[in-house]
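Okay, thanks everyone, let's get going.

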Amino acid sequence: MEALYLLIPMGLLVVLAAALIFAWTIGSGQYENLDEQAQALPDDD
Amino acid sequence: MNAAAADWSAYDRPELRSAIATGLPGGREEVLLVAEGMHCASCVGRLRKLLGPQVQDLRINLASRTLEFVHDPRRQALSALLAQIDAAGFEPQVLAQDAGRTRARHRRRAELVRIGVAVIGAMQVMMLAWPTYFEGGAIEADIAALMRWAQLLLATPVVFYAGWPFLAGGWRALRERVPTMDLPVALSLLIAWAASALRVVTGQGELYFDAATMFVMLLGLARYFEGLSRSRAGERMRLLAGRRPLTAVREQGGTTQTVPLATLQAGDLLRVAPGEALPADGELLDETAQLDESLLSGESQPVLHRRGDTVLAGSLNLAPATLRLRVREAGSGTRLAQITRLLQQAQDDRPRVQLLADRYAGHFVLAVMALALGGAWYWWPQDADKALGVALAVLVASCPCALSLAVPTVHAAASSLLARRGVLMARPRALARLTQVDTVLFDKTGTLTRPDLAVAQVLPLAEHDAGACRRLAAGLERGLTHPIARALTAGTSELPPAQDIRLQAGGVSGRIDGRHYWIGAPEQAAQAVALPAGPQAAQASWLLLCQDQRPLALFGLRAELRPEAPRLIALLRGQGLAMELLTGDAEAPARALAARAGIAALRSRQTPEQKLARLQELQSQGRVVMAVGDGINDAPFLAAADVAVAMPQGAALAQARADVVLVGDSLSGLATLRGVARQAQRRLRQNLAWALGYNLVVLPLALGGWLTPWLAALGMSLSSLLVVGNALRLDTGER
């Protein structure tokens, strides 16, 4: 049970990281115009 | 585009910058361009490589050939960027920036972040809360306390960040003393959070973090979907606005000149390069032109136009050659500007059901808060914990969220579905009346028939042959915009020079080669002429051309029935609608046309007053009447109808009091319209019934203490999602 003293705070940190990463992905606009990547050609160089 | 290369510097001037760029904090500006040369995915890659290092937030859309970016004009002039894009071969075209579009995107991003925080937080709170659901579990007191503190830590950002729109809305409702549904939501969130936080500190009592976070998450989702359906309806308007170019190439005395749109006047000659949007409505001067009018009419196929046709601002020149046109309407007079205005007006239109629902919601909110207080007061003596739970459950369970979402989402979904079919709901509130319509009154010219007349027959009466007579008639009518004039001038070239052109009683007169000519209705002529007889001739309207008062030729003009009319009328009759044709025309041609269209009831030689009287007569018999007209000549008639449908003719589109505008220029929209209206009404009734029924059933349960707060939150949010989803089904299921 003592492991929970460590695991719960760690879990909270992971959640914080997940929220921040999600906010960043939204801010970078990568969910807008989802067709763009599908239409793009592979970048050769 | 070499001629324009020198013009890029114009885009650095402040007066144009305010129109094309949206200011952002820190002096940066956001710009929207169309890159005509961008045809393939590798073009996107090249542009990305070229611009990526120089600008921020670059968004390239291959389908619409647009690119948007944020740049800092103090570090790099926009003209320098444009010159680079041009040099790379992409022919940039700067579009008027629409602040609403930028705002909407930023709002959507913020909403998504809030929802993300709510989802992530709510899931974690639930993970930490579930061990405590089992009473008598073997959790050590310290671990339990840790879990409770962790829940507080997780729930706080969910309530105060993700739930901020609700809290702010509740505060606004309180300050303005207008009870909205945000008020009970905000109250319940705050009470649940504060009570739970207190219990975390004191170390005992039940926590409501799970209920509060779930409420924020699900209600946030419902709101997001509602906003999405609304913005989809508004998307078309933004596209329309974005299609307006800012400059035009004007031809003057053999030279061309790039001028701002505001300086254009009727009669100007314009050139439109391949792939560019037409800057004004006008008359096509080339032999043929291929235009993409999809934004204006919903027609996805390219439309072929011939010399003399009216071409519309906002359509794209698809031909590989430059197109020439003579301006008829510029600026706010164009069809594009009027459709944009109509859409704007449609968004402001609040249907009666909505007003009712809003008012009801207001009273309801007050009643709910009173009930919550009453419930708490009743339970308090027995169990203070229980009292708090009951108050929360009542607040949450009976929040009229679903009720206030029920109507607008249906209207937004129906409007955006119809817009894609070329039917524009200028007043969405007409949807309700549409389903009750049992009688349709049609106007003839421009409605059942094509707006343009055609010369069906030329009967020479003197020595001049038919061709010569046509040229003379065209010379007289040149420059006039009446449908008769357009019919007579269509397809003619090398017109004889005419002077002293004058509009006279029933006709037009003028001088050609020194002789006096007159063309007009035969009854108005100085000398009586026998009109040809026979069924063919009876379908035409006749015009007489005279030279020095001597009859030269008779012109038979005929309006062509719209090809889709007979099928549509059969379809409407199949739905049990009575139909009648009201026209100002003579009996014989009107009768012939009605027979071809399949309408039995006919009233000919009707004045506008008589049309109106007939409409009111039908209405007094209890009929619900839909009037279909061109929106100009029959404005009073349309205004009195229960549902007014206008075919977009001429300039007065926005002035016409039409509920529905068939921008697709085809009657087929009428069939779609009825179907969609019926579906929308059904969805609306379902939504209202569900929302009301849900609130009524759940309220006693919450008051009786059988409904725990988390169950109430789940039910309420799912109910909202159900209502929004039911509305969206209308739009997406029909694609």
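Before anything else, by salt bridge I mean a side-chain nitrogen of Lys or Arg within 4 Å of a carboxyl oxygen of Asp or Glu. Now, housekeeping: this is a predicted model, where local features need pLDDT of at least 70, side-chain atom pairs count only at pLDDT 80 or more, and totals for chains, interfaces and linings use all residues. Residues are numbered from 1 along each chain as its sequence is written, chains are lettered from A and ligands numbered from 1 in the order in which they are written, and side-chain values use heavy atoms, with hydrogens and water left out.

So, the overview. Chain B has 25 helices and 27 strands; those are DSSP runs numbered from the N terminus, helices being H or I with at least four residues and strands E with at least two. Of its 735 residues, 51% are buried. Buried is under 20% relative accessible area, exposed is over 50%, and partly exposed is in between, with a 1.4 Å probe and protein chains only.

Take B:Glu251 and B:Arg324, whose closest N and O atoms are 3.1 Å apart. B:Glu251 sits in strand E6 and B:Arg324 in strand E14, so this pair ties together parts 73 residues apart in sequence. The Glu is buried at 16% relative accessible area, while B:Arg324 is partly exposed at 27%.

Next, B:Asp182 bridges to B:Arg223, with 2.5 Å between the closest N and O atoms. That one links helix H8 to helix H9, with the two residues 41 apart. B:Asp182 is buried at 11%, and B:Arg223 is partly exposed at 23%.

Then there's B:Arg603 with B:Glu580, at 3.3 Å from N to O. B:Arg603 is in strand E24 and B:Glu580 in strand E23, so parts 23 residues apart get tied together. And who else joins the network of salt bridges with B:Glu580 and B:Arg603? B:Arg614 and B:Glu617.

Last stop, helix H25, residues 709–732 of chain B, where we find B:Ser717. B:Ser717 is buried, at 0% relative accessibility. Leaving aside residues up to four places away in sequence, B:Ser717 touches B:Met214, B:Phe215, B:Leu218 and B:Leu219, where contact means heavy atoms within 4.5 Å. Helix H25 also holds B:Arg729, which is partly exposed at 44%.

That's my tour, thanks.
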